[in-house]
Amino acid sequence: MTTFELVNPATAEVIGEVDHSDAAAVDDAVAAAQSAQRVWAGLAPAARAGRLRDFAAAVAAHRDELAALEVANSGHPIGQARWEADHVTDVLTYYAATPERLSGKQIPVTGGIDITFCEPIGVIGVITPWNFPMTIASWGFAPALAAGNAVIVKPAEWTPLTTIRLAELAEQAGLPPGLLQVLPGRGDVVGEAMLGHRGIGKIVFTGSTTTGRHVMARAAESVKRVTLELGGKSANIVFADCDLERAAATAPYGVFDNAGQDCCARSRILVQRSVHEKFMELLEPAVTGVRVGDPTDENTEMGPLVSRAHLEKVSSYVSDDAPVAFRGTAPDGPGFWFPPTVLTPQPTDRVVTEEIFGPVVAVLPFDDEADAVAIANATDYGLSGSIWTDDLSRALRVSRAVAAGNLSVNSHSSVRYSTPFGGFKQSGLGRELGPDAPLGFTETKNVFIAVSDGEGKP
Ligand code: NAD
């Protein structure tokens, strides 16, 4: 067992340390999870539903504590952190309905009846990133538990605290011990051991596309099921016929929320050439008006980046000769601060093609609808995007033409617990959330029962 220091991103101060598990801990966790899963799957559906509702209630009762942990460990603004804790409650409440509704089918056949069962896979491994620690963990564990599985979560190295607390609350709320376990540790130690473990039937991975490819390759060794939620480089497409004031006023929040550390960040703003100049005039006050600062302040809209290493990575994209149009503000002094930054680069520049995962946005002009769609799709990613237009037909045409999993028209909304979420192309594989997510944690079993004709013939 080794220890790992945790740092408050807003102050650069060490706030504590966490024990890191080793590979052997994965063996022990899987054994405990297998026992707990048998107990869990043996409970009546209504009893499992009740325990999940109790877990949701426990999260609601500890909302302020969870939010404060996320502020200290991840630097999220307090208002956002409260939303995240509430979202976990909502996700659990939504999937608490699953155990009593997860029904198979009865299929017409000759000579008998045919029925299907949605059997739990068994033990699910959930590997999460550092940008939205508790919400992303809940997207994996809530539907997986609801479908009758046990879950082992490996949180990201920098941000384990809320996930650890959620597992404690689960046990206090009456989930069988071992049913939801958290193993803090390194990706190349605990994560690798999870990928190689024969007792884990599915991996839900959220993180970078590079690591996601590796996860998929290793999962193939034992034909593990995988869901992958990976990177993005989403487009916010602004047509000349839209409400330009609103498009400009909201654009910063479509990319700078969570300091741009959001897989759905609209980090490319494509603006129709005829309104490009006007849009930039309107965008500047919106960007300089983003309130960047102390995450514990109720009025703060954007906090720091998560770590010094990540600050260095983001900074490397904005060199002294970068085509900066304008920037917002950020505090001086300790902490990993980076101001909202608007660039007007060439289409081939790496700030246009690579995921920066920080508060940096590239604005590019386009000529017409076909040009906008072509630029939006000129990426290996395909996670989300926005389309601003007052023309309903255009909104639908472009929504169908953009190759991305989550699009919003005249807004920047991406994630609702009741609707499916996930990426096209190299942004991922499979979908989380929405009504069908629990099915992703089951195996379909088909059973045929012969019915004799009553005259002794089979
Ligand atoms: P990352 O890929 O570096 O790490 C993600 C997780 O994988 C961490 O827990 C890490 O410890 C673990 N890991 C690393 N190497 C591993 C290995 N060899 N085997 C098993 N696990 C391993 O990503 P990150 O920097 O933590 O997160 C940022 C990335 O996540 C961005 O690309 C972002 O777009 C993406 N992301 C995607 C979504 C989505 O839903 N599509 C949501 C949030 C973040």
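# Briefing on the predicted model

Strand S13 (residues 341-343) and strand S14 (residues 360-366) run parallel and are joined by three bridges. In this pairing, Thr 341 stands opposite Val 360 of S14. The structure is a predicted model. UniProt lists residues 3-447, in an unreviewed entry, as "domain: Aldehyde dehydrogenase". That span is 39% helix and 19% strand, and its end C-alpha atoms lie 50 Å apart.

**The seven-stranded sheet**

- S13 and S14 belong to an open sheet of seven strands, whose order is S12-S13-S14-S11-S10-S15-S16 and whose pairing is mixed.
- The edges are formed by strand S12 (324-327) and strand S16 (406-409); each has a single partner strand, so one side of each is left without a neighbour in the sheet.
- On average, and with direction ignored, neighbouring strands of this sheet are turned by 20° against each other.

- Five of the five residues of strand S15 (residues 384-388) are buried, so the strand is largely enclosed by the rest of the structure.
- In a regular strand, side chains alternate between the two faces of the sheet.
- In S15 both faces are covered: Ser 384, Ser 386 and Trp 388 are buried on one side, and Gly 385 and Ile 387 are buried on the other.
- Strand S10 (residues 235-238) runs parallel to S15 and is joined to it by four bridges; here Ile 237 has Ile 387 as its bridge partner in S15.
- S15 also pairs with S16 in the parallel sense, over four bridges, and in this pairing Ile 387 stands opposite Val 409 of S16.

**The annotated active site**

- An unreviewed UniProt entry places the feature "active site" at Glu 229.
- Glu 229 is located in strand S9 (residues 225-229).
- With a relative accessible area of 4%, Glu 229 falls under the 20% limit and is therefore buried.
- Residues up to four places away in sequence aside, Glu 229 touches Phe 205, Thr 206, Gly 207, Leu 383, Phe 421, Gly 422, Gly 423, Ser 427, Gly 430, Arg 431 and Glu 432.

**Helix H3**

- Helix H3 covers residues 63-74, and at 1.5 Å a residue its 12 residues should span 16 Å; the end C-alpha atoms are 16 Å apart, which agrees.
- The buried residues of H3 are Leu 66, Ala 67, Glu 70, Val 71, Asn 73 and Ser 74.
- Gly 75 follows H3 and has a positive phi, near 75°.

**Packing of helices H7 and H8**

- Helix H7 (residues 187-196) packs with helix H8 (residues 209-221) at an angle of about 35°, and their axes are 8 Å apart.
- H7 contributes Glu 192, Leu 195 and Gly 196 to the contact, while H8 contributes His 214, Val 215 and Arg 218.
- By class, this contact of H7 with H8 has two nonpolar, two polar and two charged residues.

**The loop between H9 and S11**

- Ser 267 is found in the loop that lies between helix H9 (244-256) and strand S11 (268-272).
- Ser 267 is buried, with a relative accessible area of 8%.
- Apart from neighbours within four places in sequence, Ser 267 is in contact with Lys 233, Ser 234, Val 255, Val 360, Val 361 and Ala 362.
- Ala 265 lies in the loop between H9 and S11 and counts as buried at 8% relative accessibility.
- Neighbours within four places in sequence again aside, Ala 265 is in contact with Ser 234, Gly 254, Val 255 and Gly 260.
- Ala 265 and Ala 309 are 44 residues apart along the chain, and their C-alpha atoms are separated by 20 Å.

- Most residues other than glycine have a negative phi.
- Ala 259 is not a glycine, yet its phi is positive, at about 55°. Ala 259 lies in the loop between H9 and S11 and counts as buried at 1% relative accessibility.
- Asn 410, likewise a residue other than glycine, has a positive phi near 55°. Asn 410 lies in the loop between S16 and strand S17 (428-429) and counts as partly exposed, at 24% relative accessibility.

Definitions and conventions. Residues numbered from 1 in each chain as written. Predicted model: local features only at pLDDT ≥ 70, side-chain atom pairs only at ≥ 80, totals over all residues. Heavy atoms only, no water. Helix = DSSP H or I, 4+ residues; strand = E, 2+ residues; numbered from the N terminus. Expected span 1.5 Å × (residues − 1). Buried < 20%, exposed > 50% of the residue type's maximum accessible area, 1.4 Å probe, protein only. Pairing = 2+ DSSP bridges. Axes fitted to C-alpha atoms, helices over the stretch in contact; angles between N-to-C directions. UniProt positions renumbered as here; feature names shortened; annotations may be inferred. Contact = heavy atoms within 4.5 Å. Nonpolar A, V, L, I, M, F, W, Y, C, P; charged D, E, K, R; others polar.
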